Structure formats: C-alpha cells, structure tokens
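This report walks through one protein model, from the whole fold down to single residues. Keep the 3D view open as you read.

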Amino acid sequence: MSAVRILGEARRTLSDGGLRGSFLVRDLDSGDELGLDPDLEFPVASLVKVPLAVATLERVHRGELDGATPVPVAPGRITTAGPTGLSKFRHPVTVAIDDLLYLSTSVSDSVAADALFDLTPPAEVTAELRRLGFDGITVRQFASELTRTPAERLGPTEAHLVHSLAIAAATPGHGHPVPQLDVTRANAGSARAFVELLQGLWRPSSVHPATAARIRGLMADNVHRQRLAPDFASDASRWSSKTGTLLNLRHEIGVVEHADGSAYAVAALTESRVPAVVQPEAEALMAQVARTLRDHLRIS
C-alpha cells in the first residue's frame with residue numbers, strides 16, 4: 001500500500017472516531033519518516049515535562065544545579081481526578097532535584113514539575129532548547145496551569161460541558177479563550193518538533209550524553225501505559241514515552257526500540273470532537289494510526 005493511501009486512510013480513521021491529529025514516525029537511523037500534518041502546532045499539556053527535564057539536567061551537568069539538593073515542596077491537595085504524586089499530597093515534603101525529575105517525568109506530577117520550574121522558569125527552558133538547537137517547542141506556562149481550567153471549577157457531572165466549550169470555542173488556528181488551549185499562550189509544539197527532540201535524546205546530538213541517558217530512563221519508566229504502549233511494547237521491543245492530556249487533548253511521544261537494533265521516534269498529538277472525559281476508543285485509534293505509520297516505514 002502506498003504512503004499516500006495509508007495517510008488517507010489514517011485521516012479517515014481519526015475523523016470517524018472524532019479525532020483530528022498530528023502524527024510523525026521517524027526511523028532514528030535512516031531518517032526516513034512518515035507523518036500526518038506533522039507541523040500542526042498544538043498546546044502540549046504534560047509533554048512539556050520532557051523539555052523541562054532536559055533544561056534541568058543540562059544545568060546539573062554545567063554545575064549550576066546539584067541533583068542532590070533538597071527542595072521544600074508544598075502539597076498540591078488537589079482532589080479532582082487526574083493529577084498524580086505530590087499533586088495529591090496533603091502535607092509539605094522535601095524532595096531532591098533528582099527525585100523531582102522522576103516524579104515530574106515518569107509519574108507526570110505537576111507539583112514536582114513546578115518545583116523544577118521554580119529553579120528554571122519557562123522562558124529559561126525555552127532558551128535552553130534554543131541553545132541546544134530545538135526551535136519548535138515554546139514553554140510559557142508552569143505545569144500548575146494544567147489544573148486551572150474550567151473543569152476544576154465544575155463538578156464531575158458537568159465535565160461534558162467543559163469539553164463542549166473546549167471543542168466549540170477553538171479557532172481554526174488553534175486560538176482559544178481557555179489559555180491552556182491557545183497555542184499563542186500555552187506551552188506549544190508540533191509532532192515534528194517533538195520527534196526532533198526525541199532524535200536528540202536517542203542519537204548523538206547537542207544534548208549532554210548524561211542528560212540524554214537519564215531522560216531515556218525516565219521515559220522508559222513512564223507509568224502511564226494506556227495510550228500507545230499497547231501497540232508498541234512487547235517482549236521484543238521497548239517503549240519509552242511521555243503522555244499529555246488536557247480536556248479534549250490527548251498526546252503521546254515516545255521511542256520504540258526493537259531487538260534487531262532499529263528504533264523509531266513517534267509523536268501523536270490529537271484533539272477530540274467528542275465531549276467526554278473517558279474515551280478509550282480515542283486512545284486505541286491513536287495507537288492504531290501510529291502503529292500503521294511505523295509498520296509502513298519498517299517494511300518499506
């Protein structure tokens with residue numbers, strides 16, 4: 001089947017499931033790639049925690065930060081469903097920078113991420129990415145902004161109303177009255193930008209080798225495995241990833257490494273037209289499309 005036909009079917013599959021998406025799969029060694037609207041910019045939700053980890057670890061390796069430094073952290077005390085780790089804590093704790101990196105990246109703990117953002121603010125994370133040569137990701141907001149949407153001000157029985165707002169109020173250019181969903185105000189990036197970052201973490205680049213190795217390990221330890229992992233993880237392959245979820249946005253970036261030595265970077269950024277919080281069908285469709293693109297690259 002030709003690449004054109006595969007992409008056409010992928011677009012129809014997503015549309016039939018109420019999704020619009022930006023996908024890119026790249027062979028990390030040959031550079032061959034296949035994508036569906038890969039340059040479309042999205043608010044990136046918790047995917048921002050990977051650039052945050054890059055910037056933090058680069059500062060550690062320059063001696064500006066010490067990974068063993070203890071950091072006092074106030075409890076998140078968030079009671080709504082979704083947030084993890086320190087975000088749910090009721091009492092203050094002290095956590096080392098190294099351990100905040102684990103909580104932020106592998107557990108997707110936004111309170112831990114904001115403790116790291118206090119050390120390296122969003123503008124400095126963006127500047128660090130630019131220094132390393134990654135131009136497609138812009139960091140503007142602390143992670144706590146992800147828990148300050150209209151969803152947190154309404155009860156669970158009204159969640160569909162918030163999703164309806166998220167869907168209906170978006171502009172064709174990804175503007176939005178909800179700042180976390182507006183690409184000009186939120187943390188933003190494209191599938192291509194994140195694949196470029198994954199390339200820099202898995203293959204020699206401007207990123208310090210110790211930074212890259214640590215982030216590969218943190219992404220391998222990702223506890224959120226419901227989205228693309230079922231289609232990429234197996235006894236003969238390793239799936240290392242980071243998810244991002246915010247209202248009607250569902251994203252995942254990752255690298256699948258096969259026993260034969262081949263490796264593919266995958267980025268799937270999507271938005272749903274279905275006003276529902278729980279959408280396992282959307283998760284499955286994302287994985288199906290990403291796997292189809294990878295399979296075509298692998299056999300071509």
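## Overall fold

The protein has 10 helices and nine strands. Both are DSSP runs, numbered from the N terminus: helices are H or I with at least four residues, strands are E with at least two. This is a predicted model; local features need pLDDT of at least 70, side-chain atom pairs count only at pLDDT 80 or more, and totals for chains, interfaces and linings use all residues. Residues are numbered from 1 along each chain as its sequence is written, and side-chain values use heavy atoms, leaving out hydrogens and water.

How does the radius of gyration agree with that of a compact globule? With 300 residues, such a globule would come near 19 Å, and the protein has 18 Å, which agrees. The radius is taken over C-alpha atoms, and the globule rule is 2.2 Å times the number of residues to the power 0.38. Along the principal axes, the C-alpha atoms fill a box of roughly 55 × 45 × 35 Å.

Of the 300 residues, 54% count as buried. Buried means under 20% relative accessible area, exposed means over 50%, and partly exposed is in between (1.4 Å probe, protein chains only). Take contacts between residues at least 6 apart in sequence: 66% of them join residues at least 24 apart. A contact means heavy atoms within 4.5 Å.

## Aromatic pairs

The structure holds two aromatic pairs. Rings of Phe, Tyr and Trp (its six-membered ring) pair if their centres lie within 6.5 Å; planes under 30 degrees apart are stacked, over 60 edge-to-face, and the rest tilted.

Phe117 and Phe142 form a tilted pair, 5.4 Å centre to centre with 50 degrees between the planes. Phe117 lies in helix 4 (residues 110–119) and Phe142 in the loop between helix 5 (122–132) and helix 6 (159–168), so the pair ties together parts 25 residues apart in sequence. Phe117 counts as buried because its relative accessibility is 0%. Phe142, at 29%, counts as partly exposed.

Phe232 and Trp239 form a stacked pair: 4.9 Å centre to centre, 15 degrees between the planes. Both Phe232 and Trp239 are buried.

## Two positive phi angles

Most residues other than glycine have a negative phi. Asp37 is not a glycine, yet its phi is positive, about 50 degrees. Asp37 sits in the loop between strand 2 (33–36) and strand 3 (41–43). At 33% relative accessibility, Asp37 is partly exposed.

Ser108 also has a positive phi, near 60 degrees. Its loop runs between helix 3 (97–105) and helix 4. Ser108 counts as buried, at 14% relative accessibility.
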